[in-house]
Amino acid sequence: MHNKNWKQILLFLLPVLVLFTTYFIYPLGFVFVSSFTKWNGIRPMEFIGVKNYLQLLGDGTFRLALRNNIIWALVLGFIQVPLAAGMAMILARKPKGWKTFRTIYFLPNVISQVALAMMWLAIYNAEDGMLNNFLEIIGLSDLTRNWLGNMSTAFPAVLIQQVFYIGYFMIVIFASRMGISESYYEAAEIDGANVLQQEINITIPMLKGILITTMTLALAYGMRHFESTYLMTNGGPAHATSVMGILLYRDLGALNYGEANAIGSTLIIFGGATIAAIRWLFNRNNHTSDSIQ
Amino acid sequence: MRTKKIVLICALILLILPGIIWAAGTQEAKDQTVVLKWPTIWVGQDTKTAMVATLVDEFNEMYTGKYRVEIEANPDYDAYRNKLNSQIAAGIVPDLFVFNPDPTSFAFYEGENLLMDFSDELASGWGDDFVPGSVEEATINGETKTVPFEMAYTPIWYNMDILKKAGVTSIPTTYDEFFAAADKIKAAGYIPTSQMTGGTNAWTSMLWFSHIAASLGGPDVWQKDITDPVFVQSAEILKEMFLNGNTSKDAVGGDAGVSGGHYLAGRSAIFINGPWYIGRVKSDAPDVFAATKIGPAPGAAYHGAQIGFPLSNLAAAYTDDQKKKEAVVAFMKWMTKPENVKRISLDSGAMFAIKYSVAPEEKINQLQAQFINAVNDASFINPSFSMKYTSDVVAEFGQALAKMVLGKATPEEFVQQIADKIR
């Protein structure tokens, strides 16, 4: 069958392959090649070898941004996704008002990032912000500060506001959880397993695939994070919240396309390596547990 | 066999159909009107929006059947600039656009057949409408590829009501007087100055730095290297403006909304911005509008300096189409016609590189009059820091400023951080 139908298969795949090559493979290759040049988009490209990469490696701001991106990836992958999974498991038990909670948790995902960032700017504002006002009301005025203007608190502040938006991953995991037959849980209940034991021994193993997928997506979002940091702090104060996306955006604005593309290439390489490492780790554990069985 | 034929035909249709749709979409209409697309930032909340829209409508009416300009709204200044930079670098230049005459954007002058050259038209009498020197500032290697339009003059705004309540009887003329006044303003429960380190260029504080540098270094201060002691001293003064309650708690990390917001709310006493902000203050804060006095920054070695620079030029894509070129030139001349520029200026408060006179009976608001006087009375006018360096260096200014203000860098390290970014 394979030999007989390969022409039809190729014919059906051709339009997508053409589009994919034109709008993804070719630009990706162009970004990588131009990262070895000095280019402002107007003058011809000037090949400078690895100078852009050496400059980046020697730039403390870039190293800080890379570190921040890795933290973003790990926080979203190992805090946001588990939070989403936990909430999905709770909602799957259909407690009272579960549909309302499901909607509430998903609501931020249908609101624009700009609106959410403006809201958090208002919450964190040092003069009139809700957080400082709340701290004063409860007698903790010593803790009030300029949350987004302090080098120690700005990065955690931007991170925290993003971590709790678990709606998207929660819905994905919830949908998979609803696909698990209730007979497993009934059998476990008969055997005396409590809710926690059921979730650990039935739900998590059966959702392993979707958990790895959501974690991979979260890691990817973290590595390419840009929006809320740009809107809330623009990488400041003093580059404390800088991420590679912002440095890249700044270089684009200054017509430093060679440097911008070097940052982009680095982002792709590091992002891919991080995700591959995580997937290898999970797959290795998967093979180990299979061999034990 | 029949199935194979059907599959083949379907695949061919899928391949060809997008091409047919695209070709149909690009067919020129039978209509002979030359349409010029104008993505512009003068929309939404910009104070020039209404009059610009009116002038475009009038132009379209005047040239019905011949030319038509269509505005494409781009309300976000930074997004507009970045989008344009990317488009132009890719060779996709809008028919008309607003050009930022700064060191980064002037690189587009080098592109062959990228921007329309107005040198010939300006040399044939049209250039006489412009303020002396402005056409020369828009000319590089004998080519004037953008048309001077809006000017930025950024004197100091003093809320005299707050100063009066604080017992400050006159505008400070030295930095010692300035900080003494700041202490009184604080004692009265107000914020002495609006500052900011955020946004893409730490606008308010960047302008303060420019004013301080001018007062210390004079008209040729920008000829000096950024590590010169005059800039270190400027940084020390600017740092003091952030400390000891001399500005709001949210100044570090704050953007133009924060800085301007405190002034509009009547909380801060001293502010910097350009004439385009007059309309905003008049509509949003009439009490502050009535209380505002425009003046120079405090002086040091030099007094009475002002900061002024070209803010926005008009530009157009290069074209071989003679009809399109005529349309562009006609529109440019319409927008820079002195009577039309006066209409925008009187309506919005903005100031321009085109000469026009105001008759005694024509209403000009008190802030606009003060702006004009401040510029006329200036001992010299210097460009701002943002006109001297490329956008990535200007972006680094805000980051370095935050680091210095937070005590993580000395003024010497502040200027060095900027110097390291300069290529």
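Predicted model: local features only at pLDDT ≥ 70, side-chain atom pairs only at ≥ 80, totals over all residues.
Local features were required to have pLDDT of at least 70 and side-chain atom pairs counted only at pLDDT 80 or more, whereas totals for chains, interfaces and linings use all residues. Residues are numbered from 1 along each chain as its sequence is written, and chains are lettered from A in the order in which they are written.

In chain B, an open sheet of mixed pairing is formed by four strands in the order β8-β9-β7-β10, strands being DSSP runs of E of at least two residues, numbered from the N terminus, and two strands being paired if DSSP finds at least two bridges between them. Because β8 (191-193) and β10 (292-295) of chain B stand at the edges with a single partner strand each, one side of each is left without a neighbour in the sheet. Strands β7 (residues 156-159) and β9 (residues 268-272) of chain B run antiparallel and are joined by three bridges, with Phe271(B) in β9(B) as the bridge partner of Trp157(B).

The contact between the chains, in which residues count if their C-beta atoms, placed from the backbone, lie within 7 Å, takes 30 residues from chain A and 34 residues from chain B.

In chain A, a cis peptide bond with omega of about -5° joins Gly236(A) and Pro237(A). A positive phi near 65° is found for His239(A), a residue other than glycine, and a positive phi of about 50° for Asn141(B), which is likewise not a glycine.

Notes: Contact = placed C-beta atoms within 7 Å.
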